[in-house]
Structure formats: structure tokens, C-alpha cells
Amino acid sequence: MSTPAPLRPPRYFDVCNGDADGLCAVRQWRLHAPAQATLVTGLKREIALLERVTAQPGDEVLVCDIAMARNRAALERLLACGVRVRYFDHHASGAPLQHPCLEAHLDTAPDVCTSVLVDRALGGRFRTWAVVGAFGDNLGAVAERLAATLNLGRAQIDALRRMGEAINYNAYGESARDVLIHPAQLYALMARYEDPLAMLAHEPVLQALDAQRADDLAHAAGLAPYWQDARGSVLLLSAAPWSRRVVGHLANQLANQEPQRAHALLLPVQENADAPAGKDGTLWRVSVRAPRNAPGGAGDLCSRFGGSGRAGAGGIDRLPQSALEDFIRAFAAARW
């Protein structure tokens, strides 16, 4: 009688948004549960990441900060073949999904990000990384509350804020050519450190990101709104690497500076590289921030134009030029 082949050990996959929230969420979990995991991540706009996972029965997948609604088919495929999935997210998830292989930590409240959800699950054990993630996700008040529970001075908290903003800034771009370092490479540096302050002290890439961000913001200074009233503002950016990199940080900065207004920033995404920006062939990538004083409705607005998001922030990947004025009318009429 032949001896059965031994069962293979499970493989691990970490799937996350390449922004500060996603990367810091994974970092917390892997400090709690170390494993040689395959990282699947990308730039901010790369949301449908679960379809890249080639897991098999018995494998384990950690998912952080990518919308379940945009990854549902791939998630159901993995669950159906016996892959165990642990899912942390704060975006719209669609219809509830229950499965014995799925452990879901979902919360769409406007004062929650994925790093906060992981922090909750771990009882604050690696909270300094959650502070970085919350600052990067523009949840400054939340990050300050978390930081207040730690033995940190004001200078250290400010350093964590700059770190979160720099990591988040690095996630924006049309392709890897736009960014200073790919999010997967940045996470490989993060994975060397239990304490983000130690990473700040030893990894010059963070200072380089901060300097590049300041330079990109200088390009954006003085841009006039395309449309504006007391409740909202629409800004059209140029088709340039600096604008693709800075759009997310600029949206957060405007939201903080003018908390009574909603803000929409539009970037031309040209299917034909020779087409001039703003002409009929142009598509727009849209970033929306609800008013900080009334953080709600951003994701719902974007979903009307094929996008998605959460209460305080949303986006549209491809808005046709022909729909631009319709979007602005809907944006102006939105009840935040």
C-alpha cells in the first residue's frame, strides 16, 4: 500500500492598496503573525488586485484596503476553492458575503481606515504603524487620538504624520514611471522595521519622497478652480507626472484648508497620447473629497459615474469628456 504524499504547507498572500493605509495595515498584521507572504499591491488606482492571486486550497490570503465590491468575483472564486481569506477594509463592500473561509472586518464609518481596523483587531499592539496609516489617509484627528495613547512627543507625532503623507503620496501615478519607488519596494523597506520611527531614521527614501512632494505642490500652487461656489470646488490638472503624483495629497490638503467645501480634482487620462488634454477623446480620472465638516456622500456620488469610494472620499477611473459637465452639475447639487 503506497504512502500518501505529505500535505504541502500553506502559502500566504498579502493583498493591499499601495497607499499608506494599505501598507501600514499589512505591516501591523505581519508583525503580529510573521510569515513569508507574497505581496500583491500596486499604485492607488490599482484596485482589482485579488484577481492576481494564484492561491490554492489551504492557502491564506490577507486583504487590506481594497474594496470588496470591486473584488467580489475573485474573492468568491478563492473562497469556493478552499482558500482562507482575512479581509480588512473601510470601503463600500456591496451585498453581505458570508462563507466559512472568510473572516471579514468591514467598517465604512468616515472616521475609520483599514489601519484602524487592524489596530482594533490586534488590541493596539503595533499602534504606531496605525498612526502612520491614519495620517496618510487624511484622518488627522483619528491619528492624533491614537498617538495620544502612546509615549510620543510632539516632534515624533509630527514625524509620523509626514511619514504617512509621504507614503500615501507615493501611491499616486499613472504607472511605475511616475513614482519614486514602487509601493512593493517601499513595503520591503517598511518590513525591516518594527518601529516606523526607526525607519524614518535609517531610510533616506522617506526624505526623498517628502522633498519630491513639496516640489510637486509648488507646481500646483496658484491653480485656479475650473468651477467653484461656497459649497464646492472643481480643479482640472494637467497631464503631467507631477500632477499624477500629487493629486491625492493636493485633494487632502484642499479639504483640510477649506473644510466647508467639497473638492473634486480631475486628471486627464489620454487613451491616445497624442490627443490634447480636454478634447473629446480625453477621459478624466476624478478624486473627490466630501467637506471635512460634513464627511458623507463622496462614494455615492462617484458610483453614479461608474466610480466608487467611501463617505469622505471617492474616485472615478474613467469619466468621459462628454460627461464632465454632468458630473460638475451633480457635484454642485450633492447634499453632503
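Reader: How much space lies in the second largest pocket?
Author: About 230 Å³. Keep in mind that this is a predicted model.

Reader: OK, which residues lie nearest its centre?
Author: Ala 220, Leu 223, Leu 235, Leu 250 and Leu 254, out of the 16 residues that line the second largest pocket.

Reader: And how does that lining split by class?
Author: For the second largest pocket you get 10 nonpolar, 5 polar and 1 charged residues.

Reader: Which helices and strands supply at least two residues of that lining?
Author: Helix H9 (205-220), strand S7 (232-236), helix H10 and strand S8 (262-270) each do, for the second largest pocket.

Reader: Now the largest pocket. What's its volume?
Author: The largest pocket comes to about 810 Å³. It is lined by 49 residues, and the closest to its centre are Lys 44, Arg 289, Arg 310, Ala 313 and Gly 314.

Reader: How many of the lining residues there are charged?
Author: The lining of the largest pocket has 15 charged residues, next to 18 nonpolar and 16 polar ones.

Reader: Where does the largest share of that lining come from?
Author: From strand S11, with 5 residues. S11 spans 313-320, and the other elements that each give at least two residues to the largest pocket are helix H5 (140-147), helix H10 (241-257), strand S9 (282-289) and strand S10 (308-309).

Reader: Switching topic: in what order do the strands of the open sheet run?
Author: The order is S2-S1-S3-S4-S5, 5 strands with parallel pairing.

Reader: Which strands stand at the edges?
Author: Strand S2 (37-40) and strand S5 (102-106). Each has a single partner strand, so one side of each has no neighbour in the sheet. Neighbouring strands of this sheet are turned by 10 degrees against each other on average, direction ignored.

Reader: What packs on the sheet?
Author: Helix H3 (residues 114-121) does, touching strand S3 (60-64), S4 and S5. The direction of H3 makes about 120 degrees with that of S4.

Reader: How many bridges join S4 to S5?
Author: There are 5 between S4 (residues 84-89) and S5, and the two run parallel.

Reader: How many residues of S1 are buried?
Author: 4 of the 5 residues of S1 (residues 12-16), so that strand is largely enclosed by the rest of the structure.

Reader: Where is Asp 65, then?
Author: Asp 65 is in the loop between S3 and helix H2 (72-80).

Reader: Is Asp 65 buried or exposed?
Author: Buried, because its relative accessibility is 1% and the cut-off for buried is under 20%.

Reader: And what is phi for Asn 138?
Author: Near 65 degrees, again a positive value in a residue other than glycine. Asn 138 lies in the loop between helix H4 (127-136) and H5. With a relative accessible area of 13%, Asn 138 is buried.

Note on methods
Residues are numbered from 1 along each chain as its sequence is written. This is a predicted model: local features need pLDDT of at least 70, side-chain atom pairs count only at pLDDT 80 or more; totals for chains, interfaces and linings use all residues. Side-chain values use heavy atoms; hydrogens and water are left out. On a 1 Å grid over the protein atoms alone, a cavity is a set of points where a 1.4 Å probe fits but cannot get out, and a pocket is an open set with protein on both sides within 12 Å along at least five of seven lines; lining residues have an atom within 4 Å of a point. Grid points are joined across faces, edges and corners, and a volume is the space filled by probe spheres set on the points. Ala, Val, Leu, Ile, Met, Phe, Trp, Tyr, Cys and Pro count as nonpolar, Asp, Glu, Lys and Arg as charged, and the others, Gly among them, as polar. Two strands pair if DSSP finds at least two bridges between them. Axes are lines fitted to C-alpha atoms, for helices over the stretch in contact, and angles run from 0 to 180 degrees between N-to-C directions. Contact means heavy atoms within 4.5 Å. Buried means under 20% relative accessible area, exposed over 50%, partly exposed in between (1.4 Å probe, protein chains only).
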